[in-house]
Amino acid sequence: MASDWLVARRVAVACIVLALAYFSFKTIDVILQVFAAVLVSLALHALAEPFARLTRFPERYAVFPVALMVFGGIGLTLYLFGSTIQVQVTELFNELPAAWKAFEQRFHLEGMSDDLLRRAEAAAPSGETMISAVQGLTSNVFQVVLGSFLVVVGGIYFAASPDLYRRMFLSLWAEPERTAVARRLASVSEDLRHFLKAQLIAMVVVGVLTFIGLTIVGVPSALALALFAGLAEFVPMIGPVVAAAPAVLIALTLGVDSGLWTLLVFVIVQQSESNVITPLLQQRMVSLPPAVTLFAVVAFGNVFGALGVVLATPLTVLAFAAFKAHGEQEAKPEQAGT
């Protein structure tokens, strides 16, 4: 009788685990959005702490004026420079097809586009399929806008009441384990905050240096290309390569020399970022091996799509920080025993 009860209990536990795994898989987009909101809250909380010290404002309420200043500053920047950015982005998209044609002619690849065009025409969808595709694209754009809104608002709520959500998270563990889990959670949060601070500074520096370099070389739409390079810096290794491609293509329309100078600009900026800027910024951050970072981006992208690519590095930092905190906690009892 006791053995039957033990088997039934194990079967029930296995069913619950499988059900939770299936539920997590079906709601993975929501889980990633929650993680993105946590990153936003960590960033806002990191900015709210010095603001609270300077103004003697209660820290939990300092999040709201800080969020207003951050998002208001972004809105003001878009208002002041939005028209210039929009014009340059439009010019960039208009120039890319001609740049690709010039690239084909220069390297004698004229048949490539014709072959791709014939294949595209052969595989051209019907009118109903096109309508469905347009509807799907509209739906995706709406989902991106809605998801971004939820991430920002959720991040503000998380930052405003971090203790509440920390207690809710710790309630998932038994009472004797909560102290150790709380220490590990604090260590992981600190590493993620250092990562976000370093990544934000690196993105700004890369964008500014790229703009200066492209302006000196004389590449059109330098501001739009630099903005793209700064944003792409959030996805390490792959992002800089993707950002350099359109700039080099457009520069090749001005001549091979311009293309080579543009490529040199991106190489110098990335070498400066990798060997000077990032090591200085990440002294207190989890150091990720390059191979781990590269394959993490590929793996998360294949499993979770575009959102997985964007969040691949902070997710990897989260995993490394959790293992590091676990190792430190295991080392302390051993040291105490000796």
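Analyst: Happy to! One term to start with: contact means heavy atoms within 4.5 Å. Also, this is a predicted model, where local features need pLDDT of at least 70, side-chain atom pairs count only at pLDDT 80 or more, and totals for chains, interfaces and linings use all residues. Residues are numbered from 1 along each chain as its sequence is written, and side-chain values use heavy atoms, with hydrogens and water left out.

User: How much of the chain is buried?

Analyst: Of its 338 residues, 31% count as buried. Buried means under 20% relative accessible area, exposed over 50%, and partly exposed in between (1.4 Å probe, protein chains only).

User: Which residues touch the most other members in the largest nonpolar core?

Analyst: Those are L39, L44, L192 and L311, in a core of 27 residues. A nonpolar core is a set of buried Ala, Val, Leu, Ile, Met, Phe, Trp, Tyr and Cys residues joined through side-chain atoms within 4.5 Å.

User: Which helix gives the most to this core?

Analyst: Helix 2 does, with nine residues. Apart from this core lies another, of 14 residues, among them L214, V219, A244 and I250.

User: New topic: where is E233?

Analyst: E233 sits in the loop between helix 8 (222-232) and helix 9 (238-252).

User: Is E233 buried or exposed?

Analyst: E233 counts as buried, because its relative accessibility is 4%.

User: What does E233 touch, not counting residues up to four places away in sequence?

Analyst: E233 touches Q199, A202, M203, V206, P240, Q270 and E273. As for V204, E233 is 29 residues from V204 in sequence and 9.2 Å from V204 in space, C-alpha to C-alpha.

User: Last one: which helix holds F211?

Analyst: F211 is in helix 7. F211 counts as partly exposed because its relative accessibility is 35%.

Terms used: Helices (H or I, at least four residues) and strands (E, at least two) are DSSP runs, numbered from the N terminus.
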